[in-house]
Amino acid sequence: MSRTLATKKTAARSKNNGAPARSARSAESVRSLKGLVNVTRQVHFNSAHRLYNPAFSDSWNEEQFGLCTNPHWHGHNYVLEVTVRGEPDDITGYVIDLGELKRVLNETIVKKCDHRNLNEEVDFLRGVIPSTENLVIAFWNEIEPHIKSGKLHSVRLYETPRNFAEYFGHSAS
Ligand SMILES: [Zn+2]
């Protein structure tokens, strides 16, 4: 390497905190790959709830919901998995920055539901029976407006390791 070239390279680096200057590397470019990819973030929260329909008698509720209608509540260690679908960005390779998805899930769901009573303390669940089925629809509605990169594909909620519900944003009609 000639002395002149070495000096030029050093000068270019010094302008950019030691990183190679962009112009010096402009001949190199990344290849963007095409394909729809699902990206998932998992979060956890613990909540109390009770399955109860106030339009019916206590005995109807007991027959319908069994232990799940216990008037003194019960709790679950919920696991929420939210999937965003899209094509990797040409520049970052991301469908969505998973740090950003984590932030959205914490703000919209975890902060409002963790260590809360889902029947009584969560505004967006007011008047809703907090079954796993209803929760995935309600969570979708909270999360979807905040997804700015890719498209919300599914909201899956585990009430127990064996029981989960999943919603893709479709209505029956
Ligand atoms: Zn329950």
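Of the 173 residues of the protein, 17% count as buried, a residue being buried if 20 or more other C-beta atoms, placed from the backbone, lie within 10 Å of its own. The model is a predicted one, in which local features need pLDDT of at least 70 and side-chain atom pairs count only at pLDDT 80 or more, while totals for chains, interfaces and linings use all residues. Residues are numbered from 1 along each chain as its sequence is written.

**Overall composition**

- The protein has four helices and five strands; these are DSSP runs, numbered from the N terminus, with helices (H or I) of at least four residues and strands (E) of at least two.
- From the N terminus on, the order of elements is α-β-α-β-α-β-α-β-β.
- Among contacts between residues at least 6 apart in sequence, 66% join residues at least 24 apart; a contact requires C-beta atoms, placed from the backbone, to lie within 7 Å.

**The sheet**

- The five strands form an open sheet with mixed pairing, in the order β3-β1-β2-β4-β5; two strands pair if DSSP finds at least two bridges between them.
- The edge strands, β3 (116-117) and β5 (164-167), each pair on one side only.
- Strands β1 (residues 37-49) and β2 (residues 74-86) are antiparallel and share 13 bridges; Ala48 has Gly75 in β2 as its bridge partner.
- β2 also runs antiparallel to β4 (residues 151-158), to which seven bridges join it; here Leu80 stands opposite Leu157 in β4.
- β4 pairs in turn with β5 in the antiparallel sense, over four bridges, and Tyr158 stands opposite Phe164 in β5.

**Helices on the sheet**

- Helix α3 (residues 98-113) packs on the sheet and touches β1, β2 and β3, its direction making about 20° with that of β1; axes are lines fitted to C-alpha atoms, for helices over the stretch in contact, and angles run from 0 to 180 degrees between N-to-C directions.
- Helix α4 (residues 132-143) also packs on the sheet, touching β2, β4 and β5, and its direction makes about 145° with that of β4.

**The contact of α3 with α4**

- The axes of α3 and α4 come within 10 Å and cross at roughly 125°.
- The two helices α3 and α4 are therefore oblique to each other, since angles under 35 degrees count as roughly parallel, over 145 as roughly antiparallel, 65 to 115 as roughly perpendicular and the rest as oblique.
- In this contact, Val104, Leu105, Thr108 and Ile109 of α3 meet Phe139, Glu142 and Ile143 of α4.

Terms used. Contact = placed C-beta atoms within 7 Å. Buried ≥ 20, exposed ≤ 12 C-beta atoms within 10 Å, placed from the backbone.
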